[in-house]
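Please have a look at the structure before reading on.

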Amino acid sequence: MTRRLVIVVRADPVICGHSGEARNLAEAALLRGFDEVRIVTWPIERLESAGLPLKPLDSVLPYSEGIHVERPEPVGDYKVVDGRYIGGLIGRLVELFTDGVPTVAMSLYLSPHTTAVTDAVEVARRTGLPVNVITVAEAVGSDITNVVRQCIEADRFGAAAHVLESYLASDVCVAVSQYTKDLIVEEARHLDTKHGTSYAARCEEKVAISYPAINAALFVGLEPEDVDRHLAARGLERDGYVFYLSRLARAKGVDDLIAGFAAAEAATDRQLVIAGRGPEEMELRAIAAASPAADRIRFLVDVDDAEKPFLFAGAAAYVLPTKPRPEFIETFGIALAEKALSGGGPAITTLTGGVGEAVGDTAIIIDVDAPEQIAAAIDRALSMGSAERAEWEDRAREYALQFDRASVFDALFERVTAVEAERERVRAAS
């Protein structure tokens, strides 16, 4: 074995765009000459106990040969509390970093994945065994808002410093959007102001942008008869429904979508299909049941990765009215890019967080907390003629192709190659 990629992430079956991104980077690595990819993630029972929205295990698409998913068991007994799982993960990484195989280790989410990788590299080097590891750390946004921002607000300097130092210790630091990088620098500046550190300048200089990787081949060039077949299996017809697919969480604006759909004059003969799972599912079902359009609203909780391109393509419109909340801000919008690649009616969304980078000028933009604008946007989308709709589809697909996994992987690994070249230069000079 000459080269291995290790990805540390909350992987399948977690319903999360970045678990899909990890899969796409893993598949791209095999195509680009890596001998092996290992996705190191959490045991299923730990994911379940955390309350994360999960896909049914039997719906998870298989990985290609050469990609191995590892779920290290916890280390220690009940007295170690949650540190048992971190211990198991770090321990496995140390083993991978000291077995003599040149390795690129990429972490998605700074806490706890990047901190675990950084700790594992330090331990591996102190063993005295040969270590040839290049680290790539990707900040996705919620790791900043949920961890760093909370630490700053609670004046927990040490915890914030641990996350940022682990991030900046990585050989390659990236963020999933310019919005996310700006967010990192902003929070780092708050820390600097209070404690006299220099995190903002360091982050501004070192962090680059690497958009999430999508497998465009799953979404483009869908055969019309295949779309119709998948829709028929769900009792749906092409253009017969307005579509939402994402987590069922308050920050996604599904309550506003339900209100807007009920008020849309052109949608009285259409269904609203809400696909996903999440912490607010029961609350949203109750809101839907109380809606004037209750008999035209359907929830789907079992849409898998193989089916979603066809549901995107058959929809009259796709709506993601995401809004900023203390616990979550949309830092990119992977589902919007996937929808753009699939076709179907126009996307309707807000400009929350990094969404503008995901859609460019290819979506109908509405304000946050504006059900009446959702209604008007749905009416506009449903009134489009075939030529206008085709023009929207073509522009959206062309824009979203930049997020194809091959392009994203190549741009990211140019940075890895630069690190390798610099290390070789230093070795040669010494």
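Two residues are said to be in contact when they have heavy atoms within 4.5 Å of each other. Keep in mind that this is a predicted model. Among contacts in the protein chain between residues at least 6 apart in sequence, 80% link residues that are at least 24 apart.

Now for the overall build. The protein chain has 17 helices and 13 strands. Its radius of gyration is 22 Å, close to the 22 Å that the globule rule gives for 430 residues, so the chain is as compact as a globular protein of that length. Of the 430 residues in the protein chain, 55% are buried.

What lies inside? In soluble globular proteins, nonpolar side chains tend to be buried together. Here the largest nonpolar core has 65 residues, and those with the most contacts inside it are Phe 243, Ile 274, Ile 297, Tyr 318, Ile 348 and Ile 378. Take Ile 348 as an example: leaving out residues up to four places away in sequence, its partners include Tyr 318, Ile 364, Ile 366 and Ile 378. A second, separate core has 54 residues, among them Val 40, Trp 42, Phe 97 and Val 176.

Helix H9 (224-233), helix H13 (334-342) and helix H16 (386-400) each give at least two residues to the pocket lining, and the largest share, three residues, comes from H16. The pocket lining has seven nonpolar, four polar and five charged residues.

Some spots in the backbone also deserve a look. Most residues other than glycine have a negative phi, and most peptide bonds are trans. Tyr 109, however, has a positive phi of about 90 degrees although it is not a glycine. You will find Tyr 109 in the loop between strand S4 (103-108) and H4. With a relative accessible area of 8%, Tyr 109 falls under the 20% cut-off, so it counts as buried. Asp 155 has a positive phi too, near 55 degrees, and sits in the loop between helix H5 (142-153) and helix H6 (157-168). Is Asp 155 buried or partly exposed? At 44% relative accessibility, Asp 155 counts as partly exposed.

There are cis peptide bonds to find as well. One runs from Asp 12 to Pro 13, with omega near 10 degrees, and Pro 13 is in the loop between strand S1 (4-8) and helix H1 (17-31). Another joins Ser 111 and Pro 112, with omega about 10 degrees; Pro 112 lies in helix H4 (residues 110-126).

Our last stop is Ser 64, in the loop between helix H2 (44-49) and strand S3 (67-70). Ser 64 is partly exposed, with a relative accessible area of 31%. Apart from its neighbours within four places in sequence, Ser 64 is in contact with Glu 27 and Leu 30.

Methods
Residues numbered from 1 in each chain as written. Predicted model: local features only at pLDDT ≥ 70, side-chain atom pairs only at ≥ 80, totals over all residues. Heavy atoms only, no water. Helix = DSSP H or I, 4+ residues; strand = E, 2+ residues; numbered from the N terminus. Nonpolar A, V, L, I, M, F, W, Y, C, P; charged D, E, K, R; others polar. Core = buried A, V, L, I, M, F, W, Y, C linked by side-chain atoms within 4.5 Å. Buried < 20%, exposed > 50% of the residue type's maximum accessible area, 1.4 Å probe, protein only. Rg over C-alpha atoms; globule rule 2.2 N^0.38 Å.
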